[in-house]
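Here's a quick briefing to read alongside the model. Have a look first, then go through the notes by topic.

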Amino acid sequence: MKTYYLIVFLFAFGSAFAQRPLPEECLLKKSNQEWIKEFKKTETIGFQLELIKEKLFADATYLDNEKKIVAKEDRCGCPIRFGIIIPGRNWLVLDLSENPVLEELFPDLNEETISRIKLSEFEENKLNRYAVDKCSGVTLYSDSRDLKRRIRKLNLDASSTNK
């Protein structure tokens, strides 16, 4: 009789956990989709830059917390990749997880220093064989010498720049 109760208990206990609903999609993927919708609605570079800065902070916090929980190869979704192209420097990856010092650059990312911003959504990046994890990307373009000097003064990890 004890065996019967044990089997019933294990079955009921096990099925309670087995029927726990799994998330339909990961938080990062959903957050990226919502952010892209909001980004597309913006009409000024100034507001786009504010959204970019907020997203960089949010992704850095999310990825920092997720590193403690989930192995990189098991993560669902990937962060939007952000970068800036400046003549004479080529490019700089804007990633606060890799280079927290980039936060000091944020006040200098404004309508005077950024000439245009290009969003490449996931579907476009599927065609780009160089795209990392086929993630969406945002590229900022600048011709500002002041911004170029400001970036040069930052102590950046050499792996995130192309000189």
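Is Phe57 buried, partly exposed or exposed? Phe57 is partly exposed, since its relative accessible area is 34%; buried means under 20% relative accessible area, exposed over 50%, and partly exposed in between, using a 1.4 Å probe and protein chains only.

Two notes on the ground rules. This is a predicted model, where local features need pLDDT of at least 70 and side-chain atom pairs count only at pLDDT 80 or more, while totals for chains, interfaces and linings use all residues. Residues are numbered from 1 along each chain as its sequence is written, and side-chain values use heavy atoms, with hydrogens and water left out.

**Overall layout**

- The chain has 5 helices and 5 strands, taken as DSSP runs numbered from the N terminus (helices are H or I, at least four residues; strands are E, at least two).
- Going along the sequence, the pattern reads α-α-α-β-β-β-α-β-α-β.
- Of the 163 residues in the chain, 34% are buried.
- Take the contacts (heavy atoms within 4.5 Å) between residues at least 6 apart in sequence: 70% of them join residues at least 24 apart.

**The nonpolar core**

- In soluble globular proteins, nonpolar side chains tend to be buried together.
- Here the largest nonpolar core has 27 residues, and Trp35, Ile52, Ile84, Leu94, Leu105, Val138 and Leu140 have the most contacts inside it. A nonpolar core is a set of buried Ala, Val, Leu, Ile, Met, Phe, Trp, Tyr and Cys residues joined through side-chain atoms within 4.5 Å.
- At least two residues of this core come from each of helix H2 (27-41), helix H3 (45-67), strand S1 (81-86), S3, strand S4 (137-141) and helix H5 (145-153).
- H3 gives the most to this core, with 5 residues.
- Setting aside neighbours within four places in sequence, Ile52 touches Trp35, Phe39, Phe82, Ile117, Val138 and Leu140.

**Aromatic pairs**

- There are 3 aromatic pairs in the structure. Rings of Phe, Tyr and Trp (its six-membered ring) pair if their centres lie within 6.5 Å; planes under 30 degrees apart count as stacked, over 60 as edge-to-face and the rest as tilted.
- Trp35 and Phe82 make an edge-to-face pair, because their ring centres are 5.7 Å apart and their planes sit at 85°.
- That pair ties together distant parts of the chain, with Trp35 in helix H2 and Phe82 in strand S1, 47 residues apart.
- Both partners are buried: Trp35 at 9% relative accessibility and Phe82 at 4%.
- Phe57 and Phe106 also pair edge-to-face, at 5.3 Å centre to centre and 70° between the planes.
- This second link spans 49 residues, from Phe57 in helix H3 to Phe106 in the loop between strand S2 (90-93) and S3.
- Phe106 is buried at 6% relative accessibility, whereas Phe57 is partly exposed.
- Trp35, Phe39 and Phe82 form one aromatic cluster.

- Lys118 lies in strand S3 (residues 116-120) and is partly exposed, at 38% relative accessibility.
- Lys118 and Val138 are 20 residues apart in sequence, but their C-alpha atoms are 5.6 Å apart.
- Beyond neighbours within four places in sequence, Lys118 contacts Gly137, Val138, Thr139 and Tyr141.
- The charged end of Arg116 sits over the ring of Tyr141, 3.8 Å from its centre; that label requires NZ of Lys or CZ of Arg within 6 Å of the ring centre and within 35 degrees of the ring normal.
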